[in-house]
Structures are given as structure tokens and as C-alpha cells.
Amino acid sequence: MGLAYNVYLNSDRIFGCKHCKTHLANHDAIMSRNFRGQHGKAYLFNAVVNITQAEAVERNMTTGRHIVRDINCRQCKETVGWKYDKAYESSEKYKEGNYILEAELLCAVY
């Protein structure tokens, strides 16, 4: 296995890991700002970079039952949010394959 290189995003507004400033997502990838995480405000993204994913688990959330996996910053290993693998409610299917990043765990990278 070779070295894992970080992806560097090229955008005016980039979200990074609060702990190590590794690029995680482009502001243009936000699908919704109307989410809450364990630490408060959270955003739904359709694409994130420089993460590792934990094993999928079933969780009961405020919007119903979902299969999700925690996502961690690839650089410092801090948990930054989760990925939706499966939603059981038909009204929640739009979340499948998308990512939640918690605002409290992010910083603006310039």
C-alpha cells in the first residue's frame, strides 16, 4: 500500500478540521444547513474529502432510524460527523450517501 495524500480543495470557502485544518469540504457542496448534531449546528454535504469511515451502525435519530457510519479526519483522526448509508423512511432517502459535518468541529480554511 502506498502513501495516502491529502486532497487540497481550490475554492473561496473551504471547511476544514478544527483540530488540524485539513481540508474536508467545499462550501458549494452544502445541500442543507438545517441539521443538528451532537455538538449543535450541522450541515449536510454531498461530497467530503480527507476522511476515514467507521463501520456502519443502526441509530435511532430525531428523523427516524438510519444506518450511519462515523467519519473521521484522515490527518488527526478526530470525529467530524457521519455518513448516511441507509434511511428507512421514504421521506429521508435523500440523505443516503451524503455526509453530515458538525459546525463545532469545523473551521474556515483560507
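First, the ground rules. The model is predicted, so to speak of local features we need pLDDT of at least 70, side-chain atom pairs count only at pLDDT 80 or more, and totals for chains, interfaces and linings use all residues. Residues are numbered from 1 along each chain as its sequence is written, and side-chain values use heavy atoms, with hydrogens and water left out.

Let me start with the whole chain. It has zero helices and 10 strands; helices (H or I, at least four residues) and strands (E, at least two) are DSSP runs, numbered from the N terminus. The radius of gyration is 14 Å, close to the 13 Å that the globule rule gives for 110 residues, so the chain is as compact as a globular protein of that length. That radius is taken over C-alpha atoms, and the rule is 2.2 Å times the number of residues to the power 0.38. Along the principal axes, the C-alpha trace spans about 35 × 35 × 20 Å.

Of the 110 residues, 42% count as buried. Buried means under 20% relative accessible area, exposed over 50%, and partly exposed in between, with a 1.4 Å probe and protein chains only. Among contacts with a separation of 6 or more, 45% come from residues 24 or more positions apart, where contact means heavy atoms within 4.5 Å.

On charge, there are 15 positive and 12 negative side chains, and the centres of the two sets lie 2 Å apart. Lys and Arg count as positive, Asp and Glu as negative, and His and the chain ends are not counted. The place of a charge is NZ of Lys, CZ of Arg, CG of Asp or CD of Glu.

Now the pairing. Two strands pair if DSSP finds at least two bridges between them. Which strands does β7 pair with in the antiparallel sense? Strand β5, residues 51-53, is joined to β7, residues 64-73, by three bridges, and Gln 53 has Ile 71 as its bridge partner there. Strand β6, residues 57-61, pairs with β7 over five bridges, and the two form a hairpin with two residues between them. Strand β8, residues 79-87, pairs with β7 over seven bridges, with Ile 71 opposite Gly 81. So much for β7 as a strand.

Arg 65 is partly exposed, because its relative accessibility is 36%. Leaving out residues up to four places away in sequence, Arg 65 touches Glu 58, Arg 59, Asn 60, Ala 87 and Tyr 88.

Most residues other than glycine have a negative phi. Lys 77, in the loop between β7 and β8, has a positive phi of about 75 degrees. That hairpin has five residues between its strands. Lys 77 counts as exposed because its relative accessibility is 55%.

The other turn is at β1 and β2. Strand β1, residues 14-17, runs antiparallel to β2, residues 23-26, and three bridges join them; Phe 15 has Ala 25 as its partner. This hairpin also has five residues between its strands, and Lys 21 in the turn has a positive phi of about 65 degrees. Is Lys 21 buried or exposed? At 51% relative accessibility, Lys 21 counts as exposed.

That is the end of the talk.
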